[in-house]
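The structure under discussion is shown first.

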Amino acid sequence: MKTIVVLPAEIINKNWKIQIGCQTDELHDKDELKRPPCVHEQFTVTSDMMLVSNLWGGLIYLVAPPNTQVKGLEITVQKAVTAPYYKSGVTTAAEWLTLRTAPSPWAELEFENIVLTVPSDAIRGLERPDKVAALWDEIMRAIADLAAKPHKFPHKERFVTDVQISAGWMHAGYPIMAHHASAAELVGVKKSKELWGPIHELGHNQQRSCWEFPSHTTECTCNLWSVYVHEEVLGLNRAQAHDELPLAKRKSRVEKYIKGGRELSDWKLWVALETYLQLQEKFGWDAFKKVFAAYHRMSDIPDDNNTKMNLYAETFSQTVKMNLTGFFKAWGWPIEAATEMKLSKLPYWNDHPMN
C-alpha cells in the first residue's frame, strides 16, 4: 500500500524522516532467515507531500532529529490501516475496547517512560491496559531511582517483538528487541520472574563505561536492575527472582572462584554479580544510588579497566565511609597502593564475606 503523507513546512529538509516498520533489526549476517533481512524503510522529509510505501507494511512513524523542540505539528496520512494503540492519559477505557480490535497486525502501548510494540494478537484480549501502564510506570521509575536519574526519561525506552532478531533471546538498544514469545509477558500484569529478561535489557541501557569493566561486567551489572526491580517493585527476593540466585548456588560459585585462585579472568557473569550483591547486602541499595550519582558528576574518566576499578573502589569506599580495598583485593581486583593510601584514614571493612 502506498500513502501520501502531508507535512508542515517547518520540518522540510531539517533531517526529519518518515519510517515504516518498527523492526529495525537487520539480519544480513544470518545463515537461516525467518523473515527478510530488512523490513523497515526510511524516507527523509524533503517536501510537504511525501509518497511512501514499504513492501512489508508496518507501523508509520515520524522520526525527529536529535534535540528537537517542537509542538503542535499537524501531519496527515491520507491512506492507512488503523492500529491498536493505547497512550496513558489519552486513550480512554471505552476507546480502547474499540481500538484493540483495529485490523493492523501490529499494536503499540505507550506509557510514561516506555513503548511496547507487539503483534496485535497479544493485546486482543487485553481489557485493562491502564493496569499494564501502572506496572511499567512503577518499573521504569524504579530503574531511574537506582540509576540516580529523574523519573522522566529523556526519551521513552522501546520494546519491539519480532519473529527473528539479530542477537540473543533479547538484546538492548533502541528499540530493545525480543522474540514474539515474550510479547505476552510484556503486556501482562503479572509480577513474576518472567520479567527478568526485559529488565536485564533495560539494565543494559543504563550501563555506563565509567563504571563498567568489559568484558567482565558486560552481562553482570545490568542485573543489578533486575534484582532491584524484582525486590522493590515485584515483591520477589533475589533467590526467587532467578534460578542462579538461591544462596546455595551463590556460595558454591564463590567457593569455586576462591579455589581457582581468584583469577580476574574468571570474574564475570554471575561470579562478578556476587561482588555487587555482597556490597548491597552490607550497605544497601542507597549506597549504589549514591555511587551512581557520584559518577554523574565525574568527567574525563580513563578507558582502561585497572584505572576504572581503582576509581570504583575509591568511590564506593568514600560513599560508605569505609575502606573497601581489602574486600576488592580479595575478589582479585588490581587495587593499587595509591588507592589504599587515599583510603587509609577510613575504617577498614575487616569482616567482609571474602575474608
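**Note on the predicted model**

1. Strand 5 covers residues 60-63, and Ile-60 lies in it. The coordinates discussed throughout come from a predicted model. With a relative accessibility of 35%, Ile-60 counts as partly exposed.

2. Ile-60 also takes part in a nonpolar surface patch, together with Leu-62, Ile-75 and Val-77. The area of this patch is about 260 Å².

3. On cysteine pairing, the model holds 0 disulfides. For Cys-210, the closest cysteine sulfur is that of Cys-220, and the 15 Å between the two is too far for a bond. Cys-220 is likewise in no disulfide, since the nearest cysteine sulfur, in Cys-222, is 7.2 Å away, whereas a disulfide requires the sulfur atoms to be within 2.5 Å.

4. Are these cysteines buried or exposed? Cys-210 has 17% relative accessibility and therefore counts as buried, the cut-off being under 20%. Cys-220, at 0% relative accessibility, counts as buried too.

5. Helix 9 comprises 12 residues, 285-296. From its first C-alpha to its last it reaches 17 Å, which is close to the 16 Å expected at 1.5 Å a residue.

6. Which residues of helix 9 are buried? They are Trp-285, Ala-287, Phe-288, Val-291, Phe-292, Ala-294 and Tyr-295. In an α-helix, residues three or four places apart point the same way, because there are 3.6 residues a turn.

7. The cover over the buried residues of helix 9 includes helix 2 (129-146), helix 5 (222-232) and helix 6 (238-241). Helix 8 (269-283) and helix 10 (305-320) are also included in that cover.

Technical notes:
Residues are numbered from 1 along each chain as its sequence is written. This is a predicted model: local features need pLDDT of at least 70, side-chain atom pairs count only at pLDDT 80 or more; totals for chains, interfaces and linings use all residues. Side-chain values use heavy atoms; hydrogens and water are left out. Buried means under 20% relative accessible area, exposed over 50%, partly exposed in between (1.4 Å probe, protein chains only). Patches are made of residues with over 30% relative accessible area and no salt bridge: like charges are joined within 9 Å, nonpolar side chains (Val, Leu, Ile, Met, Phe, Trp, Tyr) within 5 Å. Accessible areas come from the Shrake-Rupley method with a 1.4 Å probe; for residues, only the protein chains shown count as cover. A salt bridge is a side-chain nitrogen of Lys or Arg within 4 Å of a carboxyl oxygen of Asp or Glu. Helices (H or I, at least four residues) and strands (E, at least two) are DSSP runs, numbered from the N terminus. The expected span of a helix is 1.5 Å times one less than its number of residues. Contact means heavy atoms within 4.5 Å.
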